[in-house]
2 protein chains.
Amino acid sequence: MNERQIIDHIAALSAQGDGRLIKGIGDDCAVVAKDGRLVWLLTMDTIIEGVHFDLAFHPPEKLGRKLVSVNVSDIGAMGGQPVFALLSLGMPKTFESFWFKAFAKGLADGCREYGCLLIGGDTVASPQGFNCTLTVIGEAVAEQVIFRSGARPGDMVWVSGSLGLAAAGLELLKRKLDRAGGDFGPLVAKHLDPIARVGLGRCLGESGLAHAMMDLSDGLATDLSHLCKQSGVGARIAAWELPISPALIEAARLTGADPEQWAVCGGEDYELLFTAPAEAHGRLLELGRQCGLTLTPIGTVTEGEGVVLRRRRADGTCEEQGIAYQGYDHFRRCPAGKPGRMQP
Amino acid sequence: MNERQIIDHIAALSAQGDGRLIKGIGDDCAVVAKDGRLVWLLTMDTIIEGVHFDLAFHPPEKLGRKLVSVNVSDIGAMGGQPVFALLSLGMPKTFESFWFKAFAKGLADGCREYGCLLIGGDTVASPQGFNCTLTVIGEAVAEQVIFRSGARPGDMVWVSGSLGLAAAGLELLKRKLDRAGGDFGPLVAKHLDPIARVGLGRCLGESGLAHAMMDLSDGLATDLSHLCKQSGVGARIAAWELPISPALIEAARLTGADPEQWAVCGGEDYELLFTAPAEAHGRLLELGRQCGLTLTPIGTVTEGEGVVLRRRRADGTCEEQGIAYQGYDHFRRCPAGKPGRMQP
């Protein structure tokens with residue numbers, strides 16, 4: 001069984017009608033009714049030593065904050081505000097107290113920065129390495145929640161920030177090249193200590209401009225495929241519109257990687273991916289400026305299904321390649337990336 | 001640092017005033033306001049292969065249901081009703097699909113039996129063994145929630161069911177003696193597939209009779225110490241009142257164990273421990289009958305602090321021993337038990 005089959009199996013076993021549940025397995029968060037006006041958003045993410053982080057180069061304080069950020073990112077991706085968190089912390093019996101204290105400080109700082117309160121959890125002795133699970137509960141105005149399922153043909157596809165930075169930063173760290181270039185700081189920081197786009201997510205929720213939204217955790221190719229599948233649409237992305245930074249190109253040159261591949265396949269950027277009608281273009285650019293983030297239209301939502309990447313040939317014509325999930329050879333070289341969420 | 005210090009450290013870093021939070025770290029669940037009348041109860045528990053369960057004798061279907069039961073038990077221990085659950089499932093890449101399907105069936109059955117809905121989570125590849133975290137959200141009428149902190153001197157201390165069964169069952173399983181006696185079924189079942197006392201917890205909440213309550217997950221000695229510390233009181237337990245079943249005595253005889261030690265120190269019984277004023281005695285016995293469970297008064301709440309076990313000597317006099325946490329030699333032989341919750 002692959003991961004998709006695991007999740008489908010669990011989702012099928014769990015399917016029940018329940019009036020209190022607005023959205024179950026299949027989006028960034030589960031959504032349940034709180035009162036007439038507000039909903040609660042619930043999400044849960046686990047990070048495991050050796051799978052999601054390498055203690056050789058991941059400072060514990062940054063790891064603690066990252067655990068908060070990756071969870072809070074799911075709340076932001078539906079337009080919500082994080083409110084509460086629960087932590088399950090598994091540590092080897094031989095853990096060092098300075099390590100734990102730095103981790104706990106990062107976690108507490110992260111909670112404070114995003115405005116959520118750690119209210120409980122569990123602590124266990126883990127025979128092999130660290131593993132931590134965080135559950136975050138967020139709040140949103142019911143009518144402002146943005147689901148993955150609302151994309152419509154003709155929408156423009158947008159992303160916040162710059163793509164592929166986390167994948168590049170991780171590669172630089174692995175090769176001990178993180179100090180080899182003057183501009184690699186943001187790449188490395190993106191892997192070690194990403195920032196969840198909660199403010200932007202809320203602004204988009206309040207604006208009513210976005211039809212569908214999710215965060216970029218498993219890479220554009222995979223995440224856009226999820227969004228399209230949930231919406232019953234396809235998408236066509238223009239490679240030349242992808243926000244690729246000069247530092248990413250420099251890092252790719254240094255490591256022999258392909259910057260486009262990082263931008264399309266690289267996971268853990270925790271930027272927002274959303275769709276909006278074409279007429280919202282100007283207001284979205286302005287909204288991005290207000291939030292201090294660059295928003296970039298990178299393609300369009302299409303009828304049908306599948307996610308296609310368009311590239312310009314030297315002769316001015318275009319070639320197209322399907323990039324849904326891991327559908328073609330080029331991207332089969334993609335790192336397997338972090339294990340995904342419960343999303344069909 | 002020991003577990004208590006870990007939790008205290010996290011709790012101190014997380015302490016903030018927040019009007020929406022009714023109770024944070026330090027009880028069976030966190031309690032937050034839902035609307036004017038209802039509160040939400042939130043709890044989270046992790047089980048790790050080799051720490052909490054042994055795949056050599058733990059059937060996956062029972063393990064899935066146990067994961068639900070141990071979480072739901074915390075909801076019941078505050079008088080609530082489980083509503084939603086989120087699962088984080090870590091499995092080795094080499095997992096067998098029949099194993100996973102049986103585990104998922106047990107989990108889904110458990111959710112259905114307790115009336116809660118699995119609404120999301122996370123699935124990850126775990127390099128070493130299985131580990132699963134469940135977050136359960138419950139609901140309760142605000143004024144019916146029973147905290148650990150309400151015990152008063154003069155209260156009687158009560159437990160539901162029979163004590164020490166899970167510890168005995170685990171020992172029998174480890175020694176392959178689980179089929180050696182005709183009455184060992186309930187002992188073994190208590191370890192493999194315990195039943196959370198949700199119905200009893202709700203009845204106690206509705207009755208208004210109990211002053212303080214929690215579930216027995218780490219054993220009577222430790223759990224009663226937590227309850228007393230939270231309430232600022234002490235307790236005196238009568239060894240001769242402990243509900244010890246004939247099967248427990250038989251299992252102890254067979255394995256060379258001490259049935260009293262199992263009853264006092266054995267973890268994972270998931271029975272309810274509560275205190276109530278002496279005048280509620282008759283109504284509590286009746287309430288237990290209505291719920292199909294034996295409720296037993298085993299001691300009294302005292303001024304001061306400390307948890308004391310009284311034993312009768314052959315000459316009719318009594319001896320007393322402090323059993324708070326792991327405070328004396330006899331109980332230092334107690335199995336370290338399952339790692340505890342976030343409770344001071």
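Tutor: We start with the terms for a sheet. Strands (E, at least two residues) and helices (H or I, at least four residues) are DSSP runs, numbered from the N terminus. Two strands pair if DSSP finds at least two bridges between them. This is a predicted model, in which local features need pLDDT of at least 70 and side-chain atom pairs count only at pLDDT 80 or more, while totals for chains, interfaces and linings use all residues. Residues are numbered from 1 along each chain as its sequence is written, chains are lettered from A and ligands numbered from 1 in the order in which they are written, and side-chain values use heavy atoms, with hydrogens and water left out.

Student: In what order do the strands of the sheet in chain A stand?

Tutor: Strands of a sheet pair through backbone hydrogen bonds, either parallel or antiparallel. In chain A the order is β1-β2-β3-β6-β4-β5, an open sheet of 6 strands with mixed pairing. β1 (21-23) and β5 (117-125) of chain A have a single partner strand each, so one side of each is left without a neighbour in the sheet. From one strand to the next the twist averages 20°.

Student: How many bridges join β4 to β5 in chain A?

Tutor: There are 8 bridges between β4 (residues 81-91) and β5 of chain A, and the two strands run parallel. A:Met91 stands opposite A:Ala125 in β5(A). Helix α1 (residues 3-14) of chain B packs on this sheet and touches β4 and β5 of chain A (contact means heavy atoms within 4.5 Å). The direction of this helix makes about 165° with that of β5(A). Such angles run from 0 to 180 degrees between N-to-C directions, and axes are lines fitted to C-alpha atoms, for helices over the stretch in contact.

Student: How do α2 and α3 of chain A cross?

Tutor: Two packed helices are described by the angle between their axes and the distance between the axes. The axes of α2 (residues 60-76) and α3 (residues 97-114) of chain A come within 6 Å and cross at roughly 35°.
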